[in-house]
Amino acid sequence: MFKLISIDPGKYKCGLVLAEISEKKVYKAIILKSELLADYVRNLNTVEDISKIVIGNGTNSRKIIEKLDFLTQEIITFEEKNTTYRAKARYFELFPISGLKFLIPREVFILNKNLDAISALIILEDYCKMKFTLSQNIDFKTWLK
């Protein structure tokens, strides 16, 4: 299995997804404080067979890459322009609104602060040139604080 981590780096928080390429599935999605990222990736690396890390080239990416210098896997920086904007639409593809919720404005269901993991997913999808599905009912708004 070819597993990949994708990271949407930020100054205060990061989005992270762990996905399996051949199955086109996301297994983990999380938002965490930037200072916790290196330890989280270190722990994840001990239990998962991670082949590569893709990190968005935006805010704070250089500092994040420096903190991940313990990794032996290849770290690739990749374009992340407009991922936060695109994450809003992708959120509703992954989690469609149903029932009476249609009567409520879509913006009520998401806030920009909750889209970092979906931005990481978009970075991964753009890098791999394919869409991914969820392996289970993953909550992309999960915070590790």
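Predicted model: local features only at pLDDT ≥ 70, side-chain atom pairs only at ≥ 80, totals over all residues.

Modeller: A residue counts as buried under 20% relative accessible area, as exposed over 50%, and as partly exposed in between. By that scale Tyr 127 is partly exposed, because its relative accessibility is 23%. Phe 78, at 25%, is likewise partly exposed.

The structure holds two aromatic pairs. In one of them, the ring centres of Phe 78 and Tyr 127 are 5.5 Å apart and the planes stand at 85 degrees, so the arrangement is edge-to-face. Tyr 127 belongs to helix H4, residues 116–128, whereas Phe 78 belongs to strand E5, residues 74–78, so this contact ties together parts 49 residues apart in sequence. The other pair is formed by Tyr 91 and Phe 92, with ring centres 5.3 Å apart and planes at 85 degrees, so that pair too is edge-to-face. Tyr 91 and Phe 92 are both buried.

Charged contacts also reach helix H4. The structure has seven salt bridges. One of them joins the side chains of Asp 126 and Arg 86, with N to O at 2.8 Å. This bridge links distant parts of the chain, since Asp 126 is in helix H4 and Arg 86 is in helix H3, residues 83–94, 40 residues apart. Asp 126 has a relative accessible area of 26% and is therefore partly exposed. Arg 86 is also partly exposed, at 35% relative accessibility.

A further salt bridge connects Arg 90 with Glu 125, at 2.6 Å from N to O. Arg 90 lies in helix H3 and Glu 125 in helix H4, so this pair ties together parts 35 residues apart in sequence. Here the setting is buried: Arg 90 has 7% relative accessibility, and Glu 125 also has a relative accessible area of 7%. Through shared partners, salt bridges join Arg 90, Glu 93, Glu 125 and Lys 131 into one network.

Glu 48 and Lys 3 meet in a salt bridge, with N to O at 2.5 Å. Glu 48 is in the loop between helix H1 (37–47) and strand E4 (50–56), and Lys 3 is in strand E1 (residues 3–8), so the bridge ties together parts 45 residues apart in sequence. Lys 3 has a relative accessible area of 11% and is buried. The charged end of Lys 3 also sits over the ring of Tyr 27, 5.5 Å from its centre.

Strand E3 (residues 25–33) is joined to strand E2 (residues 13–20) by eight bridges, and the two run antiparallel. Strands E2 and E3 form a hairpin with four residues between them, and Lys 24 in the turn has a positive phi of about 55 degrees. Strand E3 also runs parallel to strand E6 (residues 133–134), with two bridges between them; the bridge partner of Val 26 in E6 is Leu 134. Two bridges likewise join E3 to strand E7 (residues 143–144), again in parallel, and there Leu 32 is partnered by Leu 144.

Notes
Residues numbered from 1 in each chain as written. Heavy atoms only, no water. Phe/Tyr/Trp six-rings, centres within 6.5 Å; stacked < 30°, edge-to-face > 60°. Buried < 20%, exposed > 50% of the residue type's maximum accessible area, 1.4 Å probe, protein only. Lys NZ or Arg CZ within 6 Å of the ring centre and 35° of its normal. Salt bridge = Lys/Arg side-chain N within 4 Å of Asp/Glu carboxyl O. Pairing = 2+ DSSP bridges.
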